Amino acid sequence: MSNLKEIRSRISSVDSTKKITRAMKMVASAKLKKAQKEITSMRPYAEKFNELVREFGNSLDSDVKSPYTIRRVEKKVLLIPITSNRGLCGAFNTNVAKQVKKLINQEEAAKEVQLMIIGKKGQELLSKQATIMGSHPAILDDLSYSNSVDIIQPIMNLYQEEKIDKVLLLYNRFKNVAVQELIVEQFLPILLTPSEESQSSNVIYEPSIQHIVQEILPKALKIQFYKSLRDSLAAEQAARMTAMHIATENATEVLDQLKLTYNKARQAAITAEILEIVSGAEALNS
């Protein structure tokens, strides 16, 4: 009987876990719809903006410069890993943390590396890996363009003041519900890649190209950072929904096995009781 009570207790525990994971899956699904709508509506604008910025690569000359395009010897590198505030989303956060550790231990081994972490989980996983310049978990709970600008503008200022030589973004890019792609993206300096097929060198800019560069490039950086946050937020909800779906299916399988075990144990207990009754009756008759 003690064995049956233990199995019933496990069945109740697993059933409660299944209800929780199913509810979390539904919540993540609802949040994903909103996050997916926001990132898919923003991407065309961000991509067109980036295309416009790349076109400047054909127009910039020695007289037209931006502090954000100047490349320097990379002595001080800042990594900005974007993680989540909450767990239960599979390998979403650990993949970012592993990539950060790889960059610190290998590619950036000979340089001074600092971290500016977005998300509580990133702070937990990376707090001992390098110098932490700052941590911003609150922005994920109230994400807006103005809030993202408040975070990234000081970084842009540090680069302009030559206190940082390179900035990299690390985040999960949302592709679909089942796939999130880990991205390592150079944020600063801006990479301008002139195209031989582009005709922008024959374009007359109004106002001057210098004025446009001064206005467009800072805005392009802010949009790039905001899009990365939006991408990561959508990817987080997709990863959590997938993880909770798998957890619910696993709980269902465990429940089926436990119920089968319980039925077998119960049948064995009943059979044992019947045998004891029959044996007792035969002993009385004899």
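**Notebook: salt bridges, aromatic pairs and cores**

I began in helix H1, where Lys19 and Asp15 both lie, four residues apart, about one turn of the helix. Helices (H or I, at least four residues) and strands (E, at least two) are taken here as DSSP runs, numbered from the N terminus.

The model is predicted, so I note that local features need pLDDT of at least 70 and side-chain atom pairs count only at pLDDT 80 or more, whereas totals for chains, interfaces and linings use all residues. Residues are numbered from 1 along each chain as its sequence is written, and side-chain values use heavy atoms, with hydrogens and water left out.

**Salt bridges**

I counted a salt bridge where a side-chain nitrogen of Lys or Arg is within 4 Å of a carboxyl oxygen of Asp or Glu. The count by this rule is 11 salt bridges. One of them joins Lys19 to Asp15, with the closest N and O atoms 3.7 Å apart. For accessibility I used relative accessible area: under 20% is buried, over 50% exposed, and in between partly exposed (1.4 Å probe, protein chains only). Lys19 is exposed at 54%, while Asp15 is partly exposed at 29%.

I then looked up Asp141, which forms a salt bridge with Arg86; the closest N and O atoms are 3.6 Å apart. This pair links distant parts of the chain, 55 residues apart: Asp141 is in the loop between strand S3 (131-135) and H4, and Arg86 in the loop between S1 and helix H2 (92-107). Arg86 is partly exposed, at 48%.

Lys163 and Glu161 form a further salt bridge, their closest N and O atoms being 3.5 Å apart. Lys163 is partly exposed at 48%, and Glu161 is partly exposed at 47%. I also recorded a network of salt bridges that links Arg43, Lys227 and Asp231.

**Aromatic rings**

How many aromatic pairs does a search of the whole structure find? It finds two. Rings of Phe, Tyr and Trp (its six-membered ring) pair if their centres lie within 6.5 Å; planes under 30 degrees apart count as stacked, over 60 as edge-to-face and the rest as tilted.

Tyr45 and Phe49 form a tilted pair, 5.7 Å centre to centre with 55 degrees between the planes. Both residues lie in helix H1, four residues apart. Tyr45 is partly exposed at 44%, whereas Phe49 counts as buried at 10%.

Tyr145 and Tyr226 form an edge-to-face pair, 5.7 Å centre to centre with 85 degrees between the planes. Tyr145 lies in helix H4 and Tyr226 in helix H5, so the pair ties together parts 81 residues apart in sequence. Tyr145 is partly exposed at 33%, and Tyr226 is buried at 13%.

I found the charged end of Arg72 over the ring of Tyr159, 4.3 Å from its centre. The rule requires NZ of Lys or CZ of Arg within 6 Å of the ring centre and within 35 degrees of the ring normal.

**Cores**

A nonpolar core is a set of buried Ala, Val, Leu, Ile, Met, Phe, Trp, Tyr and Cys residues joined through side-chain atoms within 4.5 Å. The largest has 38 residues, of which Ile80, Ile118, Val167, Phe187, Leu188 and Phe225 touch the most other members. Elements supplying at least two residues each include helix H1 (2-55), strand S4 (166-174) and helix H5 (209-285). H5 gives the most, with 12 residues.

I looked up the contacts of Phe187 (heavy atoms within 4.5 Å). Leaving out residues up to four places away in sequence, Phe187 touches Ile152, Met156, Val167, Leu168, Leu169, Leu221, Gln224 and Phe225. A second, separate core has 14 residues, among them Val77, Leu103, Ile104 and Ala130.
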